[in-house]
Amino acid sequence: MVSVTLHQLRKSFSRSGTVVNDVDLTIEDGEFFTLLGPSGCGKSTTLRMIAGFEEPDSGTIHFDDRDVTYAPANKRDVGLVFQNYALFPHMSVSRNVGFGLDVRGVQRAEASRRISDVLNQVGLTAQANARVDELSGGQQQRVALARALVFRPQLLLLDEPMSNLDAKLRLEMRGALRDLHAETGITSVYVTHDQAEALAMSTRIAVMNTAVVHQVGTPDEVYSRPLTAFAAGFLGRNNLLAATVRENDGTRAVLTLADGSALAVRTASAAPGVGFGVGSRLIATVRAENVRIAAAGEDENVVSGTVADVDFIGYSLSCELDTALGRIKVDLTGAHARPARGDTLRVVLPEDAAYCVPAED
Ligand code: ADP
Ligand code: MG
């Protein structure tokens, strides 16, 4: 398997401008690495340059020490899985998977051994002789995966491969991909706009927005210690509050929020580069799952508002509060009175759950 290094990778289109802007990434051998970001941020273009379908304007791509920046796609030894998996619907699963092996000079006995190995890996042994159009969407996606793996590539590239599947199948597929990666150890680059997928499957995640990488880290790092307001807001349900530092005793700072109210935070719980000097601007974040209902008489870090929306999803109750600070998201779990739309609610943004990121310029 290989490591992949992108150095100052850049791509522009005349219609769209710069869609990948000086991207630097190192994907280690054996990683399951995810490019995560909203639609249009440049994920697929980045992946297509790694695959060799798109030439960068500048920058380099290395597989280990080998410079493949301008190498043709068929010389890169890469397996690809896309959202439109373009299978041959009337052919059997085996023939779909084996298609192209003979062209590459793989002998018959070896080919059938590889096909059965790979069908076993993706859990389709029983469907080997079924026609592809007889399979479910999830099974078809596994065929596409098997077809990519049968060539024994040193790198697997997956571009939103589950976006045609329903929610339940996506969950199943997540597990199947994770198992497959654990079993094969193949270096994998996965593209998705779905943060839950990224968090559940990746060894590391690159959070992208508008052509640039905001942060690279493990799922825990990008979730718990976002570097930018974008990363903080894109992952999970977070509340972002613009603030100015009012006072600071070294470990604890009191901020002034947009409505003039105070919010206490811990100075240690902040992204690098956040300044806590009096008068500094920053963004305080408090995740919805950490917001709780205020006790009677409690008034520190308390915000009150009107319940604008309630979403009961079984294990938790998601509320949106209209407050003087704008919408505040609150996720409540455990036993509590169930708020209704129009109720007034006082909630605490706990000091020990607040995390500060730099103000956006
Ligand atoms: P993502 O995969 O993150 O949704 P893409 O990499 O597909 O984003 O696209 C990034 C931007 O580049 C989009 O604005 C898209 O319209 C534009 N783009 C992608 N491919 C082309 C192309 N061949 N010609 C012109 N613009 C393109
Ligand atoms: Mg895309």
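Six strands form an open sheet of mixed pairing, in the order E6-E7-E8-E3-E9-E10. At its edges stand strand E6 (78-82) and strand E10 (212-217), each of which pairs on one side only. From one strand to the next, the twist averages 15°. Two strands are said to pair if DSSP finds at least two bridges between them. Helices (H or I, at least four residues) and strands (E, at least two) are DSSP runs numbered from the N terminus.

This is a predicted model, in which local features need pLDDT of at least 70 and side-chain atom pairs count only at pLDDT 80 or more, while totals for chains, interfaces and linings use all residues. Residues are numbered from 1 along each chain as its sequence is written, chains are lettered from A and ligands numbered from 1 in the order in which they are written, and side-chain values use heavy atoms, with hydrogens and water left out.

### The protein as a whole

The protein has 8 helices and 20 strands. Its C-alpha atoms fill a box of roughly 80 × 45 × 35 Å along the principal axes. Of its 361 residues, 48% count as buried; buried means under 20% relative accessible area, exposed over 50%, and partly exposed in between, with a 1.4 Å probe and protein chains only. A contact means heavy atoms within 4.5 Å. Among contacts between residues at least 6 apart in sequence, 66% join residues at least 24 apart.

### Strand pairs and a second sheet

Strands of a sheet pair through backbone hydrogen bonds, either parallel or antiparallel.

| Strand pair | Direction | Bridges | Partner residues |
|---|---|---|---|
| E3 (residues 32-36) and E9 (residues 204-209) | parallel | 4 bridges | Thr 34 and Ile 205 |
| E17 (residues 317-323) and E18 (residues 326-332) | antiparallel | 7 bridges | Thr 323 and Gly 326 |

Strands E17 and E18 are joined by a hairpin through 2 residues.

Strands E4 and E5 belong to an open sheet of 4 strands, in the order E2-E1-E4-E5, with antiparallel pairing. Axes are lines fitted to C-alpha atoms, for helices over the stretch in contact, and angles run from 0 to 180 degrees between N-to-C directions.

Helix H1 (residues 43-51) also lies across E3, E6, strand E7 (155-159), strand E8 (187-192) and E9, running at about 155° to E7.

### Two residues with positive phi

Most residues other than glycine have a negative phi. Arg 152, a residue other than glycine, has a positive phi near 50°. Arg 152 lies in the loop between helix H4 (137-149) and E7, and its relative accessibility of 47% means that it counts as partly exposed.

Ala 211 is not a glycine either, yet its phi is positive, at about 75°. This residue is found in the loop between E9 and E10. Is Ala 211 buried or exposed? At 4% relative accessibility, Ala 211 counts as buried.
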